[in-house]
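Welcome, and take a moment to turn the model around before reading on.

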Amino acid sequence: MVWIRRLLLTAFLGTALLVGSSRAAAGPVEEAAARARAAHEAGETETLQSIANGFQPDPWLVLEALLLDGHGEAARALAAARRGPDRASMTRYVPWREEHPLREGVREVMDDLAVGRAPKEDVARAATLLENGRGVTHVALAGMRVQVLYRLQRPLPELAAAMLAEAEGADAIGWTSRAFAVHRAVFERYFLLPGSERVIDIGKTLVRLADRLDQPAARSDARMCLARALEMGGRADEALPVAMEAVELAPSTLLRRNGTRLVVVTHMGLG
């Protein structure tokens, strides 16, 4: 679906933008951070709101850039200008990052992953840094690790587990749009794994995140995912009301058609 692809594209481009700005004099993230800083100093509320609620670069990456450069007040202003569910999360993140400096080696590993000279070794180094790491940059690092594992053609369970680590990292700090987008991609991969019970839990997580996003398409799609998982797990009696709710929430003809088809299949499963 277009909106899912947009969320995923935003997440992956956000990682690329953060890496691209780590060594460049002025990448897109750093440019947006500079504009946010100038807007804060000049009291230009509309500019701050535009940056805080845009898609490219991702506002969370801009927030992190401000914090890593020591511009806490501008970061607080950017968080305050955010609309929607992430505003409270961004506001909480600012003092947390100020109290937890970025661990040494994270940026270097991200740069090395981007170059790709020794991908297997760099993936292992990234895993070590992610064990106890948290924050926007760690989520971006986890995303880069997933992309390298994909290029290395690693087995599906390993790839799915790495994606889940990225999704859970975003969820932990309240980066809702990224958490939903990656969890949605993880769902499809776990759905391909025979006998995976994890897929139902991921479906429930999708519903929770979609309700936070409060986007009708996401709320409907998340419930269709959960209904699919329940039906696949032999729990058609639980899947049916979830599928019917997905149809009721669907904002488009395509989503309603897909949801209705799922309701019919679930009815057949009940016999």
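Let us begin with Asp214, which sits in the loop between α12 (198–213) and α13 (216–232). Helices here are DSSP runs of H or I with at least four residues, strands are runs of E with at least two, and both are numbered from the N terminus. Asp214 is not a glycine, yet its phi is positive, near 60 degrees. Asp214 is also exposed, with a relative accessible area of 54%. The words for accessibility have cut-offs: buried is under 20% relative accessible area, exposed is over 50%, and partly exposed lies in between (1.4 Å probe, protein chains only).

Before going further, please note that this is a predicted model, in which local features need pLDDT of at least 70 and side-chain atom pairs count only at pLDDT 80 or more, while totals for chains, interfaces and linings use all residues. Residues are numbered from 1 along each chain as its sequence is written, and side-chain values use heavy atoms, with hydrogens and water left out.

Gln153 is in the loop between α9 (136–151) and α10 (156–173), and has a positive phi of about 60 degrees without being a glycine. Gln153 is exposed, its relative accessible area being 70%. Most residues other than glycine have a negative phi, and most peptide bonds are trans. For a peptide bond that is cis, look at the one joining Gln56 and Pro57, where omega is about -5 degrees. Pro57 belongs to the loop between α3 (45–52) and α4.

Now step back to the whole protein. There are 15 helices and 0 strands, and 48% of the 271 residues are buried. Of the contacts (heavy atoms within 4.5 Å) with a separation of 6 or more, 64% are between residues 24 or more positions apart.

Next, follow helix α2 (residues 28–42). Its 15 residues reach 21 Å from first C-alpha to last, close to the 21 Å expected at 1.5 Å a residue; the expected span is 1.5 Å times one less than the number of residues. Val29, Ala32, Ala33, Ala36 and Ala39 are buried in α2. Seen down the axis, these buried residues fall within an arc of 125 degrees, so they line one face of α2; the arc is taken from the directions between the helix axis and the C-beta atoms. An α-helix has 3.6 residues a turn, so residues three or four places apart point the same way. Glu41 and Ala42, on the other side of α2, are exposed. Just after α2 comes Gly43, with a positive phi of about 70 degrees.

What does α2 meet in α4? Val29, Ala32, Ala33, Ala36 and Arg37 of α2 meet Leu61, Val62, Ala65 and Leu66 of α4.

Of its 75 residues, Leu63 and Leu78 touch the most other members. Not counting residues up to four places away in sequence, Leu63 touches Ala75, Leu78, Ala79, Met90, Tyr93 and Val94.

Finally, visit Arg82, in the loop between α5 (72–81) and α6 (86–99). Is Arg82 buried or exposed? Arg82 is buried, with a relative accessible area of 12%. Leaving aside neighbours within four places in sequence, Arg82 is in contact with Ala52, Asn53, Pro59, Arg87 and Met90.

How values were computed
Core = buried A, V, L, I, M, F, W, Y, C linked by side-chain atoms within 4.5 Å.
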